[in-house]
Amino acid sequence: MRVVYTDPAWALNEQGQPDLARADIERSVFGTGIDLRLGLFDGRYRLQGNDFHDHVRGADALVIYRCQVTPELLEAIGPTCRVIARSGVGIDNLNAPLLDGTGIISFNVPDYCVDEVSTHTLALLLALERKVCTQDRLVKAGQWNIHAGGVPRRVSACTAGIIGFGRIGRATARKLQAFYRTIIAYDPYVSADLMAGYGVTAATDLAELFGAADAVVIHAALTGETDRLVDAAALADVRPGALLVNTARGRLVDPVAVLEALESGRLGGFGSDVFTPEDPNDDPTARKLLTREDVVVSAHRAFLSIESERSCRRRVAEGVASVLAGGPPPAAGRVT
């Protein structure tokens, strides 16, 4: 049987090229009975087009990372495919509605990086609060000025808001409580009673949250309902000077609205680990955000640690191997 990993970041060697020799975890799980292949690569993994579809054709299993499940992809892999696994938390690119009824099992790994993402969220937020990146750049350039970038506020007197109160939102709440006086959250699918159990006050809607919070972090899942959730209308309610941090999905935030809010002074800063397209340098609006001193970014690596990456790889491989052997996928991550 053939398993294709369409775009595994972990497989890139020191020269930036895919290298099957790095697939030690996958080999230990699959053994010698699986034909393991990596995706097509030309400076970046190729995730569409005829050559890509020919490469995955006839695969018994696909493991995707950023790759999108599309009708064209399903047509290309044909009837042999039994399982598509998402190497990560989100399920938006698994396209569950499209897979429904195909007989293809799909799953993700929803909880492998809770500690890493919540910690990275705090790192971006506190870098904005304390003007760390601006100070770092200026001091290294020979410009010693304690007031450069603006004078920080005392965060222990501030309120932090969380959009999305799932696994990562709850972990972030615990960490925010070490720094902020009050934590509030908005999630229409989580009860106020559960939030209270974490020492968090529920906001009735986004307007209430943005109006009360001095800093807002986003941990919502990307769905049709949440696409561009934080847009110009939402940011119209923001408390002046509030900070916004997104470590969830790029499409949750409208970059045009964020740029306008920063330029007008309604937002005091923006931190993001995620953009759409993936590399913000590929988008004209995002490129403008990158030039600003009040913006701090990273390259979609909030999930990353040695431990989290190896755990995710093993759990994905074990889930795929289980399905190919006629068993179930991981119960915690099953999507279809």
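Predicted model: local features only at pLDDT ≥ 70, side-chain atom pairs only at ≥ 80, totals over all residues.
Residues are numbered from 1 along each chain as its sequence is written, and side-chain values use heavy atoms, with hydrogens and water left out.

Five of the five residues of β10 are buried, where buried means under 20% relative accessible area, exposed over 50% and partly exposed in between, with a 1.4 Å probe and protein chains only. Ala242, Leu244 and Asn246 point one way from the strand, whereas Leu243 and Val245 point the other way, and all are buried.

On either topic of pairing, the rule is that two strands pair if DSSP finds at least two bridges between them. Strand β9 (residues 215-218) pairs with β10 in the parallel sense over four bridges, and here Ala215 stands opposite Leu243. Strand β11 (residues 267-272) also runs parallel to β10, to which five bridges join it, and Asn246 stands opposite Ser272 of β11. Together with helix α11 (residues 255-264), β10 and β11 make a right-handed β-α-β unit; right-handed means that, with the strands pointing away from the viewer, the path from the first strand over the helix to the second runs clockwise.

The cysteines come next. The structure holds zero disulfides, a disulfide being a pair of cysteine sulfur atoms within 2.5 Å. Cys113 is in no disulfide, and the nearest cysteine sulfur, that of Cys312, is 7.5 Å away; Cys113 counts as buried, because its relative accessibility is 2%. For Cys133, the closest cysteine sulfur is that of Cys158, at 19 Å, which is too far for a bond, and Cys133 is partly exposed, with a relative accessible area of 39%.

Grid points are joined across faces, edges and corners, and a volume is the space filled by probe spheres set on the points. The structure holds one cavity of 30 Å³ or more. Of the 13 residues that line the largest cavity, the closest to its centre are Gly250, Val253, Pro255, Val274 and Phe275, and β11 and α12 (284-290) each supply at least two residues of this lining.

The largest pocket has a volume of about 1500 Å³. It is lined by 50 residues, of which Asp7, Leu47, Tyr65, Arg66 and Glu278 are the closest to its centre. Helix α13 gives the most to this lining, with four residues.

The second largest pocket holds about 1000 Å³ of space, and of its 46 lining residues the closest to the centre are Val89, His219, Ala220, Ala221 and Leu222. Helix α7 (residues 167-176) provides the largest share of that lining, three residues.

Note on methods:
1 Å grid on protein atoms, 1.4 Å probe; cavity = no way out; pocket = protein on both sides within 12 Å on 5 of 7 lines; lining within 4 Å.
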